Every structure is written in structure tokens, then in C-alpha cells.
Amino acid sequence: MSTNNLLGIIFANVHDDLIPELTEKRSMASIPFGGRYRLIDFSLSNLVNAGVTKVGILTRANYQSLMDHLGAGKPWDLDRKNGGMFILPPYSTNISGVYRGHVDALAGAMTFLKKSFGEYVIMCDADVVSNIDIEDMLEKHIEKGADISVAYKYGDLPKNHKDTMILEVDGDSMIKGIEVSKTMDTQVNFSLDVCIMKREKLIDLVAEADRNRFTSFAREVFMTKLGELKMYAYKVDGFAEVIDSYENYVNISNKLFDKKNRDQLFNAARPVYTKVKDDMPTRYGIESVTSNSIVADGCVIEGTVKNSILFRGVKVGKGAVVENCIVMQGGVIGDGCAVQNVTMDKGAVITDGVKISGTDKKYIFVPKDRKI
């Protein structure tokens, strides 16, 4: 498959409202994850690993942090004359203002879609942490003669998404039924919001939906077209998680302590790329103790760190104890602190001697640049 046949679309602000603690000043796509990554790194790397050389990133609000992270796209080899990365700012309609859903976002990017030359479009939401073999998915899509292919996982349905599709899949992996916004206590086949279709087909579907003032691709496009279009379901095994709340973000982050999950997510055959920051190795003090933790470069640890994720440039003072915490870039924990079950956003500071403790069910959140 020629790489010129593939066009990528990523929705950067999808479901921002579900995790306001981390999206007040950034998009869902730029939420830090796993010590050194942003959520968009996973979708973007999935596309690049499949040979996609042109990617449009649809934004809506709070995308300055995202632009800073992506730059010209060099870490993903997207800083190129032909193709490359395109940040597509929000489009305002006379009816709805800034876009309300996937249909509005795509309608606003119609010029980009029409001027691109890819035969196939691969669309991804930015709130899914996974390592999907998009190339294999595309091959299956063509082999099945499908009009639309949807990546799905069998497991517990995300609780807070309004438009997650529950798929009824037959023995040939074709979609025979779709339900949306149904509460299920049992495990189901649910969409990971990664789909493939021909670019011309997408343009036609978006134009029709936009004329009808539709907003939801799941409800008003996929469900209504099920009997008309041939839809294939591509099953994703292994680590594939949808972030739909702050609590869920913490729980998924903590799953990285399991080596099996790390090996599945950070697959050497399909690397996860991110913005490179040259920094010194982490320095450990003589009396420091670190166990079962993920520690990025540039940190200075003089206290005790257990079962925690430390992003770049974090400082842990002498005599401090940090346990079951997520500390984002530039976070500072002073001397003699006791910090347990806490998430500290970028640049947050806990001053000397402060003791702060949440529970394993309720992590305390310290906002960006906040000093306690």
C-alpha cells in the first residue's frame, strides 16, 4: 500500500468535558501520560507506524499546549514538504458556533479533506491509549471489501462516554448491530473510535450529515447507514484503554506498573514517538529509595519514592516520602513531605513539611503551577 493512499485525522478535543481537572488549560490530546508522553502521541504514532505521512489534527479550544508539544512534527517524521502535519483550528458555523461533535469538526475541515489526495482516511480520537496495528487493520478493511472499518475491544464499557458504540459482530467480523449510550454491566464489544473509510465516502457522509444538521457520527451516521454500508469490526487485543474521567486516568496510568501492559503498549515493532527533550539523567541522593516506579529523565530524588510515576524534571526533597502518586513535569516536593495518592499537574509545588494524602479510591488533585 502506497503511503500516498493514507490520510490521518485526529480529534484533539474530543470529550474534554469528561476530565476537567486536566483539560482546563489544555486539550485532551495534550494530557501528559506515562512519565514522558502526551495522549496524542499514541494515536499519532499508530498512524505514522502504518505509513501515514499526512495528518490533520482537528482542534477546538486550549490547543496552545498541544501546538507547543507537536511543533513541526519532527519526532513523528512529519516535518516534510509533501504531506506532513496540519493543525486545523476550530471552525465556527452560523448554526452552532464552535463545533459540537465529530460531524461539525469534519465539516469545518472539508477543504482539507477535498484537497488531500489519500484514497483512505483513518480517523482517531485522542483519548485512547493503545498500540494498534493500523496497517493490518487497513489490509483487513480492503480484504473484506468494507465501506467502513471500526476498531473495537471486548471488555468493560467506558462509563462516561455518551456516544460509545456497542457492536454486534458476526462470525465473519462484520457489524450487524450498533447500540449507543446503553449502560451494560457485562463485558461488550465497544468501539475505540478508530475507523477507516475511503476519503470520497467520508466527504459524502459528512456533507449529508452537515446538511441534516447532525452532530454525532455514531448515532446519526453509523447507526443510520448500518443497513446500507458494509461495516467491518477489527478486534484489538492487549492494552487498549479509553480515558473518560480523572479517576479512570489515574487507574489506567497505574496499569503501567504491570510489565505485561508496558510491553503491549510500548511495542518495539511499533514505537511510540514523542517530543524529545535532551536532559541529564535522573540523580539519586545517597539516602534516596525508589521502588516500583516510573521515573523520567532530569529528576532529582533525595527522598523515598514508591509506586509512583514521575515526569521529567521532578524534584523530591530530603526525607520526603512519595507513594502512589503521579507527579507531572517540573513538580516539586519539598523536604520532609509525606505525599500519598496525589496527582500533581505540571509545575505544582508542595512546600517543605507538608503532609497530604488521598486514598486509592480518591486521588487528590493539585492543579497546574499550584503551590501548597
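Begin this tour by selecting Lys 198, which is partly exposed, with a relative accessible area of 40%. The model on screen is a predicted one.

**The partner of Lys 198**

The side chains of Glu 119 and Lys 198 meet in a salt bridge, at 3.5 Å from N to O. Glu 119 sits in the loop between helix H5 (110-115) and strand E8 (120-125), while Lys 198 belongs to strand E13 (residues 188-198), so the pair ties together parts that are 79 residues apart in sequence. Glu 119 also counts as partly exposed, at 33% relative accessibility.

**Further salt bridges**

How many salt bridges does the count come to? The count comes to 18 salt bridges. Several of them may be visited in turn.

Select Asp 77 and Arg 80. These two residues form a salt bridge in which the closest N and O atoms are 2.9 Å apart. Asp 77 is partly exposed, with a relative accessible area of 48%, and Arg 80 is partly exposed at 34%.

Proceed to Lys 176 and Asp 170, whose side chains meet in a salt bridge of 3.9 Å, N to O. Here Lys 176 is exposed, with a relative accessible area of 53%, whereas Asp 170 counts as partly exposed at 28% relative accessibility.

Then display Lys 153, Glu 241 and Lys 255 together; a network of salt bridges links these three residues.

**Helix H2**

Now select residues 40-49, which make up helix H2. Is this helix largely enclosed or largely open? Nine of its ten residues are buried, so H2 is largely enclosed by the rest of the structure. Among the buried residues are Ile 40, Phe 42, Leu 44, Leu 47 and Val 48; Asp 41, Ser 43, Ser 45 and Asn 46 are buried as well.

Most residues other than glycine have a negative phi. The last two stops concern the backbone at residues that are not glycine.

Select His 15, in the loop between strand E1 (6-11) and helix H1 (20-23). Its phi is positive, near 60 degrees. His 15 is buried, because its relative accessible area of 18% falls under the 20% limit.

Finally, select Asp 369, in the segment after strand E30 (364-366). Asp 369 has a positive phi of about 65 degrees although it is not a glycine. Is Asp 369 buried or exposed? Asp 369 is exposed, with a relative accessible area of 53%.

Definitions and conventions. Residues are numbered from 1 along each chain as its sequence is written. This is a predicted model: local features need pLDDT of at least 70, side-chain atom pairs count only at pLDDT 80 or more; totals for chains, interfaces and linings use all residues. Side-chain values use heavy atoms; hydrogens and water are left out. Helices (H or I, at least four residues) and strands (E, at least two) are DSSP runs, numbered from the N terminus. Buried means under 20% relative accessible area, exposed over 50%, partly exposed in between (1.4 Å probe, protein chains only). A salt bridge is a side-chain nitrogen of Lys or Arg within 4 Å of a carboxyl oxygen of Asp or Glu.
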